Amino acid sequence: MDIAALLTSAGINIALCVLLFTLYSVLRKQPSNRIVYFGRRLASVQLRSNDPFSLERFVPSTSWLIKAWETTEDEILTVGGLDAVVFQRILIFSIRIFSIAAVICMFLVLPVNYYGKEMAHKRLGAESLDVFTIGNVQEGSVWLWAHCLALYTISCTTCALLYFEYKSITKMRLTHLRGSPTNSSHFTVLVRSIPFVPGESYSHTLKKFFTTYYPSNYLAHQMVHHSGVVQKLMDEAEKMCKMLSAVSSDGRSLKPFCFCTSSTLSFHILSDQPESGDESIRYSDFEIAPPDNTQECPVAFVFFKTRFAAVVATQMLQTTNPMLWVTEQAPEPHDVLWSSLSIPYKQLWLRKIATLLAAIVFMFLFLVPVTFVQGLTQLDKLSKTFPFLRGLLKKDYINHVVTGYLPSVILTLSLYTVPPTMMLFSAIEAPISRSGRKKSACLKILYFTILNVFFVNVLSGSVISQLSVFSSVRDIPLELAKAIPTQASFFMTYVFTSGWTGLACELMQLFTFVCNLVKKFILRNYEDAHDWLMAFPYHTEVPRVLLFVLIGFSCSIMAPLILPFLLFYFFMAYLIYKNQILNVYLKKYDSGGLFWPIVHNTTVFSLVLTQIIALGVFGIKDSPVASGFTIPLIVCTLLFSEYCRQRFQPVFKKPAAQVLIDMDREDENGDRFEDIYNRLRTAYCQIQLTSHELRPGLAVTRVNDVAETIPCSGGPKPGSFL
């Protein structure tokens, strides 16, 4: 690919970005699009409708960029939680490290690459991109020291920044843990694979077990029921509520029962005034067995009196049979994936194996579009395969579009099939939480994109030749060293298409915008329904950013011309994603920054891979001294990674006993345990009430046939999306 083809791709994508940014700055001001571009804010506050005849509504503006730039990290933490802050930290880290890499490589490495061989250079527009890569450096050249020095500087800077980021985010996670003293999940343990005892319900079996072995710490439990039965009850309750919503008698109101602690779901006309009598809570009556034992699942949420007792229960093997009485820390109430809890525990390992095999098959099937894309970058092979295109491909503009723009577009469009497929595979694995499902999908998408977008595109050619490369592991560094400089031009166009234009499409919310347009102007439904509001798609955006980090590291000293374009992508992503977190996406749950270990490990992998590729390049270029200095750099990077894994990663896997005991003592000294136990009673509601006819935030639970109106944290809240 020459400079002209690269500029053609850049020009097309810049034009698309400017068009989409302009449309966004206008469309976001239209009242009919509030639900598309201000979904999160609309769910929490009532936005003022703009004057439909105001000229300002139709004038493009950059006010959203200024607002995003001025938003502080504390505001992001309040709005999007710790996960949003961690995602922003990924972008900030990328901006910092690639700013340093761009300065070093553009002013030191790029001139060495360009003048690496004695040759007559063409005019800049007709110059091949290969002359800007390390492939243009003469074998045995002493100037390879510039590449080795740049590699050392980038590696040391990356490790230093990673260490400080890991340390900072670890402190933020501990602060997040201490700052949520009433989090119900801290006191709750999910118990699966409860053994069946003839003549007894699962509830009775579980209570007998925990009162025997945890007599001083066991508080209560809540059984999980089959989702089909629960959904049927919910549908009947919704119908009954709609039928009786207009009923009002003597100032009394209709309120639903929340399926949290009772086996029955019924409605009663209750007075708004509290009933007289003893309203003390009896925790022994907290759980009630359902009349039909077949509705119960061998799964339950067990509540403990202290956080420390709950954590100890999750770390212990309960019986000599590891497949029975399986315990793990319960997710947050809003994070529970109820449909997965009814799946037998013994099926989980089979599901994981099946999804692994399915993901591998899908990965190999995706080689077809990748191989086709690489064929477009090689016009000589394309002309031989399709002789009727020879005349068309001789035209300069068509040549530039086909080689510079079309391959990255086809690959980007093909990649849109990956996230829903991997999310389906993760759902089949039956994780217990939405965040767990999203994290599993994130890892699958990350592995998929690294293998198919990076390695398969680098080791281009037919599928057979790609497989033959992997048959000899020792040759992989040399093959990568030969291929990276030649494929740098493709990665530049990929940054334009998937990076720049992809961010513009994310800002526009094209799919949601089209659906909203059809709903309001074709179906004539003008109500702003909150059903479209989503949580931030970490499972797609984290792998996307990490792929660009991998491309940036691997091309930094091989083809440094990509760094300014990549740096511009990270800067745009920082502003656009911050705007989306503030205005579009809801915070439904918070994993407490669990994505950062994935980011750290992937970044270290990218750095080590870059060093291995550089080692291969130095060997090809006959520079034994540079190769010798690269080996200790690889060893030191791996030692640094192991130190971070030992120092910081355990905090992300299990809570510290010191923190939990201190929190328990503070609650005990402040007499807050009674209030916490009250919250536990209705924290995990298997039925989520969604009817707009219901009074928000209220639920009724039946204990010993006595109805009490209490707040239900698992039910809907004003302005929340379920």
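Arg679 is partly exposed, with a relative accessible area of 44% (buried means under 20%, exposed over 50% and partly exposed in between, with a 1.4 Å probe and protein chains only). Its salt-bridge partner is Asp675, the closest N and O atoms lying 3.2 Å apart (a salt bridge is a Lys or Arg side-chain nitrogen within 4 Å of an Asp or Glu carboxyl oxygen). This is a predicted model: local features need pLDDT of at least 70, side-chain atom pairs need 80 or more, and totals for chains, interfaces and linings use all residues. Numbering starts from 1 along each chain as its sequence is written, and side-chain values use heavy atoms, without hydrogens or water.

**Salt bridges**

- The whole structure holds 11 salt bridges.
- Asp675 and Arg679 both sit in helix α28 (residues 673-681) (helices, H or I of at least four residues, and strands, E of at least two, are DSSP runs numbered from the N terminus). They are 4 residues apart, about one turn of the helix.
- Asp675 is also partly exposed, at 39% relative accessible area.
- Shared partners join Glu73, Arg89, Arg96 and Glu165 into one salt-bridge network.
- Within that network, the side chains of Arg96 and Glu165 meet at 3.3 Å, N to O. Arg96 lies in helix α5 (residues 73-114) and Glu165 in helix α6 (residues 144-178), so the pair ties together parts 69 residues apart in sequence.
- Arg96 is partly exposed, with a relative accessible area of 43%, whereas Glu165 is buried, at 5%.
- Asp667 and Arg307 form another salt bridge, at 2.7 Å, N to O. This pair links distant parts of the chain: Asp667 belongs to helix α27 (residues 657-669) and Arg307 to helix α9 (residues 307-315), 360 residues apart.
- Both Asp667 and Arg307 are buried.

**Aromatic pairs**

- The structure contains 51 aromatic pairs (Phe, Tyr and six-membered Trp rings with centres within 6.5 Å; planes under 30 degrees apart are stacked, over 60 edge-to-face, the rest tilted).
- One of them is Phe496 with Trp500, a tilted pair with 4.8 Å centre to centre and 50° between the planes.
- Phe496 and Trp500 are 4 residues apart in helix α20 (residues 476-508), which separates them by about one helical turn.
- Phe496 and Trp500 are both buried.
- A cluster is linked by ring pairs among Phe98, Phe454, Phe455, Phe490, Phe491, Tyr494, Phe548, Phe553, Tyr569 and Phe570.

- Strand β1 (residues 188-192) is mostly covered, with 5 of its 5 residues buried.
- Thr188, Leu190 and Arg192 point one way from β1, and Val189 and Val191 point the other way.
- β1 pairs with strand β5 (residues 296-304) in the antiparallel sense, over 4 bridges (pairing requires at least two DSSP bridges between the strands). Here Val189 stands opposite Val302 in β5.
- β1 also runs antiparallel to strand β6 (residues 326-329), joined by 4 bridges.

**Helix cover**

- Helix α16 (residues 406-415) is mostly covered, with 7 of its 10 residues buried.
- The buried residues of α16 are Pro407, Ser408, Val409, Leu411, Thr412, Ser414 and Leu415.
- In helix α11 (residues 348-365) lies Leu350. Leu350 is partly exposed, at 47% relative accessibility.
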